[in-house]
4 protein chains.
Amino acid sequence: MPLKTQEEFIASLRDGRNVYYNGERVTDVTTHPVLSIFVNHWSLIYKAKHDPKVKDIFVKRLDEYGEASAYFNIPRNADDLLARAKLIEATTAYCNGQFNIAQAIGTDALFALMSICSEVDKRYGTRYYQNVLRFYDRCVREDLAMAVAQTDVKGDRSKRPHEQDDPDAYVHIVERRSDGIVVRGAKVHTTGTQAVNEIIVLPTRNMLAEDRDYAVAFAIPANDKNVKIISRAQASKELGEFDYPMSVKATAQETLTVFDDVFVPNERIFLAGEYEYAGALARLFALWHRFTAISYKPPIGDQLLGAAALIAEYNGISKYPHVRSKIVKLIRYVETIRACIRAAAVEHKVYPAGIAVPNPVYVYIGKYHLADNFHDAAKTVQDLAGGLVITQPTTRDLENPETAKYIEKYLKTRHDVPAKNRLKVLNYIRDLTASTYTGGYNYVLSVHGEGSLEAQIISTYTEYDVDRCVRYVKSLLNIE
Amino acid sequence: MPLKTQEEFIASLRDGRNVYYNGERVTDVTTHPVLSIFVNHWSLIYKAKHDPKVKDIFVKRLDEYGEASAYFNIPRNADDLLARAKLIEATTAYCNGQFNIAQAIGTDALFALMSICSEVDKRYGTRYYQNVLRFYDRCVREDLAMAVAQTDVKGDRSKRPHEQDDPDAYVHIVERRSDGIVVRGAKVHTTGTQAVNEIIVLPTRNMLAEDRDYAVAFAIPANDKNVKIISRAQASKELGEFDYPMSVKATAQETLTVFDDVFVPNERIFLAGEYEYAGALARLFALWHRFTAISYKPPIGDQLLGAAALIAEYNGISKYPHVRSKIVKLIRYVETIRACIRAAAVEHKVYPAGIAVPNPVYVYIGKYHLADNFHDAAKTVQDLAGGLVITQPTTRDLENPETAKYIEKYLKTRHDVPAKNRLKVLNYIRDLTASTYTGGYNYVLSVHGEGSLEAQIISTYTEYDVDRCVRYVKSLLNIE
Amino acid sequence: MPLKTQEEFIASLRDGRNVYYNGERVTDVTTHPVLSIFVNHWSLIYKAKHDPKVKDIFVKRLDEYGEASAYFNIPRNADDLLARAKLIEATTAYCNGQFNIAQAIGTDALFALMSICSEVDKRYGTRYYQNVLRFYDRCVREDLAMAVAQTDVKGDRSKRPHEQDDPDAYVHIVERRSDGIVVRGAKVHTTGTQAVNEIIVLPTRNMLAEDRDYAVAFAIPANDKNVKIISRAQASKELGEFDYPMSVKATAQETLTVFDDVFVPNERIFLAGEYEYAGALARLFALWHRFTAISYKPPIGDQLLGAAALIAEYNGISKYPHVRSKIVKLIRYVETIRACIRAAAVEHKVYPAGIAVPNPVYVYIGKYHLADNFHDAAKTVQDLAGGLVITQPTTRDLENPETAKYIEKYLKTRHDVPAKNRLKVLNYIRDLTASTYTGGYNYVLSVHGEGSLEAQIISTYTEYDVDRCVRYVKSLLNIE
Amino acid sequence: MPLKTQEEFIASLRDGRNVYYNGERVTDVTTHPVLSIFVNHWSLIYKAKHDPKVKDIFVKRLDEYGEASAYFNIPRNADDLLARAKLIEATTAYCNGQFNIAQAIGTDALFALMSICSEVDKRYGTRYYQNVLRFYDRCVREDLAMAVAQTDVKGDRSKRPHEQDDPDAYVHIVERRSDGIVVRGAKVHTTGTQAVNEIIVLPTRNMLAEDRDYAVAFAIPANDKNVKIISRAQASKELGEFDYPMSVKATAQETLTVFDDVFVPNERIFLAGEYEYAGALARLFALWHRFTAISYKPPIGDQLLGAAALIAEYNGISKYPHVRSKIVKLIRYVETIRACIRAAAVEHKVYPAGIAVPNPVYVYIGKYHLADNFHDAAKTVQDLAGGLVITQPTTRDLENPETAKYIEKYLKTRHDVPAKNRLKVLNYIRDLTASTYTGGYNYVLSVHGEGSLEAQIISTYTEYDVDRCVRYVKSLLNIE
């Protein structure tokens, strides 16, 4: 049966991988005081699959495999896409309100590879599609977690890959052997690398003939000896749960992933020089992954909304018209995202390999909306919460009887709400919108995760049939 | 067969109705120089039903009736709702880019009445539901056009209906007879009254027991002798098609509809005193009608988008990044509306009488979005068009050879685009965004049509399950 | 004494000028049914100078001239700039709430010419500065009205002047004679040409050596036989004052101004080939004129604000928190403009010829602010006014006793406010924000008048010392 | 001579004050590992007064005192106000880019007290004005730092002070003695209490006769034995300067300030029961202090702008149009604040006691602008910086040769910019916009510091002469 337990998953990460954190080599990510927070967070989807409360969402019977992770279900229609969005939403909700893409991002890549590789093979007689299917089969059977390394470090942004001073500014093939290829370079912003089993590597942009060696896609085990994982942590247990309820557990982790002459055997190669497909593959993965993005975000919006409503109640202002108006602004924030999910699913398109792909326009406007308005949503929550978000005493002041008596007396608003509960919510808002690990991370994530604002604009322009509207206007005006 | 022709529909309006326009009683709206523009506009849906290009959208085989107007199809599921939205979109597109709700708004009211009246009857043993069905049957069989009169004049807004100085500030029952009721009052903003067959009257708000006589709903023929229709026209043929391509034909018309002691026979009464249901009926109709609103708007957005892209091309600026970015802003404007339509359909709820009702939250945020951003969208089009929108010479200057030579020489940008085409598009943009009848009307319509911005905010707050989010946050923080 | 009366000014326009309007040559603009509206509007500043209520603002004692139009006062310090802004504000207020730049725009040009020409002369030994001073002297003594023709028609916008297929796409010198030059081309968007005495022509952009013949500035009487004035009217008396209180009188007028081989004598030439100064002159005039723009706009903002507050009062909603919040949004809209005026004056810079020039950054952000938010301000007024703005009956319905009785009964809200007053304010709002001549014109004017949004962005970037901030950050981080 | 040195100021804080921090009583704030960061920050204005580079801004010769802190200069005209604004700006710039109000907030309070107390005395024959002058005299002569404690903890916000369940929810007089009064209660959000010499206490709102005992204002030394200062720190040296260049030094500190039956001698009382003046005093202080707010903010805006421009340059994208457009958005953000300062100074009003008070409308719209748009400004900086802001390795990874080689190779963009400098700027942006102590603090500070968004709206509505605009519209429409 292809469903790993949480413990089995954690054990699978003790495999000698090269992880570095804060100046040190980490020999065991599962026990490291900081990195283990993330490992535990990432492992929660394995717990969910065995949790009777949510199992029906996380587990799906797949034809050839029996019960498997629902992430591996290949979407064939709108309902499959809506179910996938619901699964991704449920994952955030289950994982203490922070996103978890341990199996989402990998399947995003696999679905994109299936559609593109079947086309490449048709044109070039390559066997990439079969490689993808075989790799997919292993991931399902072993219930693997995957990271996707896509964003190259890029060097001078005004130059194409082959024009760079440093040829390694984009990951590329440095040697072609009969049994495989050797690759070199580095990828930034790889989410979760230190807590997955496999890394899927994809090109980050379109390529020209001269960029041939940069048109490369493959999968590599996370513990490959020449893969170096330099990790940035977005959590700290030292902060304490009362003051930082999110940052102590609900976390993300990105890495600088270095490929220091990594050998990739033939059966793990998905693209190796067919430069005409590099852009299509990059874009199709981006589309899938942005669908994941608009699906994992709503529960974070729910938190902003819930926190705003709760603190307004505790502050005794929930009946004021301006407060209601602000709550509704938050509703619009989160539900516009959900509307885009629905539209993207309903208006999907079936791609080669029979995969139902979400509608790109709704995905990109959803992603743009969430990115462009997150800061404003956070502002609204802070607005309703009040200045105590940053000025309230710490949990240790509450433990010191000398100060506790004042805090309990003076920071209480309604007699039916203990000061401690109000402070809890204020701390939560501080952590969610005004702290380093969760708040600060969320602000930047919203803007840059899954492509910047500018990237959404360009992608939308590319995908939209503007000419349809021009023709309509011309017909109204009798212009040929 | 219940499909009227365009001519039959127009003929049906010559029935002696009491229409007033610009200080005069109009004896025949179908030949009046101004009002006939609207009659013609409203009649286009009857043309569409016989137009092979669009017939499959406008006509639907209904069980008991055979081929009928697709507007009468009672939605039972998401697909029916999506088809209705598509029909309403297609109607705007077909009607020269201006909305036409000759059968949309009436069916909005009928669907709302079906759900509510079946409930009223259950509680009170009344027979309203049967009245509604019988009226619906007639409308389908005779392929009637309907207006809905809902917004009362309201008098002093801080007082309830029964508290008003003038008891007629809300439409109410002034006499109850064995064979029917007599009603008095006036409704504002009734769209299309002078070009429909029937007027459906609904309450505008929730009522208390003291407001009992104001809780009244019924249908009345538009030519009832005590119904006075004071019409405001949003079109003028005198403007000339070149200078005002929209205002000469694509139009709307609203009326102050006065009920000067109108007798309503029993079988046409849908509510008459059951005040507890007045609010529910008002709200359910509003929900249906706002779904119509978000469905008729996208082709207007398409026009803004198409006009912007076309004039940018004519002006030679379409490759500039800021221009593309503005085009994408317009895409987001219109497609966010379409996303809300999809979400409202997918997340529908089945109401009494087995009717699938659109999800209110997505309807209201869609309506709010279109209202709150229309002015900004118009600004963007003007921004790309340039100042000539308001400063270009008129068509008559183009006909005067003395000036025409200068205009043709100097107002040309690209050698492959005749100056005349550029001016045509500039005039179109002027008419669409900066003229009295179309532009000015559109601005205010976007804000107030189907309920103001504030109304959407209140409705969203009422409908949304904020507490779900509060519970989620409490669970994350272990607060009971 | 250099102060003309209103009648003298109007008489001065009967001079055989070549004005075309709506397909016809207009022989006398002062009696033409449409153009005379504008003539009358433009003449109001001459009335103001003799109106004891405002004379102290409009008239100033100038050293060499005695009492003269205050517009001709050359700013030497912050107080002079503040007085000029106050004068321009007062002009709008005095002229029925619509801007009037009959002497503002010309002095904008003259101040710019004084600063630039003194520099050109220094470098080239030309005598342009003296020409400017002599022309200024005449304008003051004869109290002339002036238009400024700057915006060329531009042809293909991706090409420079000398590269155009049609060499006349920018106004240029086609012949140099001993006694002067002959110029050809056309300018768009010239405000008020048909109601001024003199036209000042300025270059619209920076030029290269090859564009030498396009680097031309001069003044020409409006009745020059080879100047053709094709006029667009923004007013109509036919609309009626009750329904369109603004459009019947408070108006603007722009022209396509054609220079069909116009001879300019030497003493009226201000630039003729010194291409290095074309850009500086264009920009400095733009700066002065945008200062005029931010100065004439506040009374229009006051109207939006006053109309919003008044209709809210009539509608009985002025105490609602959301209404107050919207009123405050309008206050912020207009007072941010006024704040920029103050800052631009206080932070002025003294230019060659000893002229105090407003600070460009505050001028451009003020202009951007008013342009970017005007539509939103109009939306807010419409939001508070309600749908009657577009659906209320016309004045003629009020004159018809059959309908008047209903209108007076039903469109009344508060017993102390006659329905007629409420309708007056609603019509005013319609005219101001939703009509062709005033509303539509205002929307586009706000965006494009005195340079587009993009122009403000580029100008701001050019003028701002971004590097000051970069150096500050580097100093904080010890980066060299 | 009244100019203390930095060392003397620091020494003056070793006075046995009751400070609590993170669960512990702090016996010496000047040596405490965390609180000393703030002490050092606050002491910088004393350094500035002796620093020849900035002395002319920070020091002013005052009639009776000779050279004194320029903060004590009582504004008499626009120039004085502009100089004060410049002084406050310069203070932020001098203090590592974080605001420092060690003498600003206290003088804000003193100027407000001077104007109000002279009025109270006139009405009641009290001698508060003399008390204020005497206290001011001491502050000048001893060059004291002051905190202002205004915001009461408020308990149930729907109740007035005297209606609260806990009578101590607002600070109030619990005993009146011949030699003074005894007060009880607590104030939140008091900035800098642990590093000042004196605390000035002011009422937070208007009061009724029943609230008489709550209408109290006075000054008390920070080391009074019954004053308990519970401090929240916004800095930490442990974070390391490379990763958190701001949070290690540029900091704020707020306190919950408890008055546990504090005795105030008669000569230190400024209001004690004259409830009619409580609101006016609260508002006038708020006005002064918001003028301080709009004055201390621009250098923070300069940092956002400089950081954005610098990282864009390092990222090689500074020439892109969308980047320039975003830089200009940041210019508008910060310069609109500066425009409001200028306008507030120019349009000041002279109050009782001959003090020139900034124009409230410009102050409040400036404050609203900075608050409403700060999050968006931060978003723009993050947008230009890229995802590395949150994903880059830490300084310790740069010190580990194993990882340093990869970081230096791969995180470099331009060959003339060392990777380390790029990382420095990215860290700075992270700290400024996405960290707990500086970024998170700044977000909430912008919204709530010196009054919330809603407070600015209400204050603007109260101060603005809306009726002037209504009258103008009525005059245009001939409505009486």
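So, at what angle do helix H9 of chain C and H9(D) pack, and how far apart are their axes? Before I answer, keep in mind that this is a predicted model. The angle is about 80°, and the axes are 7 Å apart. That makes H9(C) roughly perpendicular to H9(D). In both chains we're talking about residues 321-346, by the way, for H9(C) and for H9(D).

Who actually meets whom there? On the H9(C) side you have C:Thr336, C:Arg338, C:Ala339, C:Cys340, C:Arg342, C:Ala343 and C:Val346, and facing them in H9(D) are D:Thr336, D:Arg338, D:Ala339, D:Cys340, D:Arg342, D:Ala343 and D:Val346. Sort the residues of that helix contact by class and you get 8 nonpolar, 2 polar and 4 charged.

Okay, zoom out to the whole contact between these two chains. It's 45 residues of chain D against 45 residues of chain C. On the chain D side, helices H8, H9, H10, H14, H16 and H17 each put in at least two residues. Which one gives the most? That's H9(D), with 14 residues. By class, this side of chain D has 29 nonpolar, 8 polar and 8 charged residues.

Now the symmetry. In general, two copies of a chain are related by a rotation about an axis and a shift along it. For this pair, a rotation of 180° with 0.0 Å of shift superposes chain D on chain C, at an RMSD of 0.0 Å. And which C-alpha of chain D sits nearest the axis? D:Ala339, at 2.7 Å from it. The same surface serves both copies here, with 100% of the contact residues of chain D recurring in chain C.

Let's move to the other pair, chain B and chain C. Here the contact takes 67 residues from chain B and 66 residues from chain C. The largest share of the chain B side comes from helix H15 of chain B, residues 436-448, with 9 residues.

Chain B goes onto chain C by a turn of 180° with a shift of 0.0 Å along the axis, and the RMSD is 0.0 Å. The two copies are thus related as by a two-fold rotation axis. The residue of chain B that comes closest to this axis is B:Thr436, with its C-alpha at 2.3 Å. As for the surfaces, 99% of the interface residues of chain B are also interface residues in chain C, so the copies meet through the same surface.

Start in chain C, where 6 strands form an open, mixed sheet in the order E2-E1-E10-E11-E7-E6. Which strands stand at the edges? E2(C), residues 24-26, and E6(C), residues 172-177; each has a single partner strand, so one side of each is left without a neighbour in the sheet. Neighbouring strands are turned by 20° against each other on average, ignoring direction. If you look at the E6(C) end, 5 bridges join E6(C) to E7(C), residues 180-191, and the two run antiparallel. Within that pair, C:Ile173 stands opposite C:Val183.

Over in chain D there's an open sheet of 4 strands, E5-E8-E9-E12, again with mixed pairing. The edges are E5(D), at 146-149, and E12(D), at 269-272, each with a single partner strand. Strand E9 of chain D, residues 216-221, runs antiparallel to E12(D), with 3 bridges between them, and D:Val216 stands opposite D:Ala272. Lying across E5, E8, E9 and E12 of chain D is helix H5(D), residues 104-124, which runs at about 60° to E5(D).

There's also a hairpin in chain D to point out: E3(D) connects to E4(D) through 3 residues. Those two strands, 59-62 and 66-69, pair antiparallel over 4 bridges, and D:Lys60 stands opposite D:Ala68.

Last thing, on the annotation. UniProt, in an unreviewed entry, puts "domain: HpaB/PvcC/4-BUDH N-terminal" at residues 5-271 of chain A. Over that stretch, chain A is 29% helix and 26% strand, and the end C-alpha atoms are 33 Å apart.

That's it from me.

Note on methods
Residues are numbered from 1 along each chain as its sequence is written. Chains are lettered from A and ligands numbered from 1 in the order in which they are written. This is a predicted model: local features need pLDDT of at least 70, side-chain atom pairs count only at pLDDT 80 or more; totals for chains, interfaces and linings use all residues. Two residues are in contact if their C-beta atoms, placed from the backbone, lie within 7 Å. Ala, Val, Leu, Ile, Met, Phe, Trp, Tyr, Cys and Pro count as nonpolar, Asp, Glu, Lys and Arg as charged, and the others, Gly among them, as polar. Copies are superposed by least squares on the C-alpha atoms of residues with pLDDT of at least 70 in both. Two strands pair if DSSP finds at least two bridges between them. Axes are lines fitted to C-alpha atoms, for helices over the stretch in contact, and angles run from 0 to 180 degrees between N-to-C directions. Angles under 35 degrees count as roughly parallel, over 145 as roughly antiparallel, 65 to 115 as roughly perpendicular and the rest as oblique. UniProt positions are given in the numbering used here, feature names are shortened, and annotations may be inferred rather than shown by experiment.
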